[in-house]
Amino acid sequence: MSSVEEFRAEIRAWLADHLVGGFAELRGRGGPGREHEAFEGRLAWERHMAAHGWTCVGWPVEHGGRGASLEEQIAFHEEYALADAPARVNHIGEQLLGPTLIAFGTEEQKQRFLPPIVAVEELWCQGYSEPDAGSDLANVRTRGALSPDGSQWVVDGQKIWTSLAHEAQWCFVVARTEPGSRRHEGLSYLLVPLDQSGGRVDIRPIVQLTGTSEFNEVFFDGARTDASHVVGEPGDGWRIAMATLGFERGVSTLGQQVGFRREWDGLAELARKNGAIADPLIRDRLVQAWIGLEAMAASARRGVDPSVGKLHWAAWHRGLGELAMDVCGAASTVAAGEPYELDDWQRLFLFSRADTIYAGSDEIQKNIVAERLLGLPKEARV
């Protein structure tokens, strides 16, 4: 048995032994559009994972991880999804900020921030998008300035679409720290506590199409953080922020694809049960969706560029939501209960509308592919 197979068997056995009792009730809970489900229970589960060494498996051993290879990380995410284990609450800290700090942080930052991520003692959110800087992230207007004595950064501005900010203790914020700078220049990557004593951070949940609120808008009013809490050099924030986005679209998406396959299986079974499978157009679309899923998995395993991968899975998943509504038929237009209770297929359809927007909109991803991968002339910009 290879080391990867041994690793896979180890995590599979551990999940079977530990997703029991109260934790068994968490199976399938959480995830996009359902982050409100059993949050405290999922937090307890993830801390249980941490106590047994199953968080941050891909991190180097010296930083609290297992030093798992790429193949072992793929095995971990696949087995986790196959066990129908609950959606992770520490994804942003473990998969985004942690790798960023390991790559670019100071030793002091690593010692301060990495252990609480491994132990799931501090949760993080991502302060990138703003009302006028969504897909055009370089238009950031949130300001950061050193205090007169140089001991702290003082942050003022607004962020939006900030996932799980209402559950987080910290936020990594892209802020403009050089007055008069424009676009990609003069930005810094700051680590800001959300529980403030010197300033104010106001977190306001945004109600989504699903009726739930996992996104927020966050207002910084004189918020303060230590002067040492800048990742990389001041003014070098764009490079650091882009590296974080690369981590966001990394290996953990393989586990996401196992979830996609489970959704496809469930939809195909529903089509058989309700007779929709008799429609040749429905059959053809189910087959095309299966082909797309196989192509997606093959592309991910051969290391396709993150922008290409994101374009692929976002369009595929949105299309599956649309197909689900057609399989359900007229029943898809009626809520399951009052006042706005949705079934899983309705929630899939509504939330997947955002797939081609968040984590980099389709339009931006296509520009990246055209200009950086294919070397085509840059789009004319005013």
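Student: Which side chains meet in a salt bridge at 2.9 Å, N to O?

Tutor: Those of Glu130 and Lys159. A salt bridge here is a side-chain nitrogen of Lys or Arg within 4 Å of a carboxyl oxygen of Asp or Glu. The pair links distant parts of the chain, 29 residues apart: Glu130 sits in the loop between β1 and β2, Lys159 in strand β3. Helices (H or I, at least four residues) and strands (E, at least two) are DSSP runs, numbered from the N terminus.

Student: Before I go on, what are the ground rules for the model?

Tutor: This is a predicted model, where local features need pLDDT of at least 70, side-chain atom pairs count only at pLDDT 80 or more, and totals for chains, interfaces and linings use all residues. Residues are numbered from 1 along each chain as its sequence is written, and side-chain values use heavy atoms, with hydrogens and water left out.

Student: Back to that pair. Are Glu130 and Lys159 buried or exposed?

Tutor: Both are buried. Buried means under 20% relative accessible area, exposed over 50%, and partly exposed in between (1.4 Å probe, protein chains only).

Student: How many salt bridges does the rule give?

Tutor: The count comes to 21. One network, built from salt bridges that share partners, joins Arg8, Arg12, Glu78 and Glu79.

Student: What does Glu122 pair with?

Tutor: Arg112, at 3.0 Å, N to O. Glu122 lies in the loop between α5 (107–118) and β1 (124–127) and Arg112 in helix α5, so the pair ties together parts ten residues apart in sequence. Glu122 is buried at 14% relative accessible area. Arg112 is partly exposed at 33%.

Student: And which residue forms a salt bridge with Glu37?

Tutor: Arg29, with the closest N and O atoms 3.6 Å apart. Glu37 is buried, at 13% relative accessible area, while Arg29 is partly exposed at 31%.

Student: Switching to strands. How many bridges join β2 to β3?

Tutor: Four, between β2 (residues 143–146) and β3 (residues 152–159), which run antiparallel. Two strands pair if DSSP finds at least two bridges between them. Gly144 has Val155 in β3 as its bridge partner. The hairpin has five residues between the strands, and Gly150 there takes a positive phi near 75°.

Student: What about β3 and β7, how many bridges there?

Tutor: Seven, again with antiparallel strands; β7 covers residues 215–226. Trp153 has Thr225 in β7 as its bridge partner.

Student: Now helices. Where is the kink in α4?

Tutor: At Leu97, shortly before Pro99, with a bend of about 35°. The bend is the angle between axes fitted to the seven residues ending at a residue and the seven starting there.

Student: How far does α4 reach?

Tutor: Helix α4 (residues 91–104) has 14 residues and reaches 19 Å from its first C-alpha to its last, close to the 20 Å expected at 1.5 Å a residue. That expected span is 1.5 Å times one less than the number of residues.

Student: Why call α4 largely enclosed?

Tutor: Because eleven of its 14 residues are buried. Among them are Glu94, Gln95, Leu97 and Pro99.

Student: Last one. Where is Arg261?

Tutor: In helix α7 (residues 253–274). Arg261 is partly exposed, at 29% relative accessibility.
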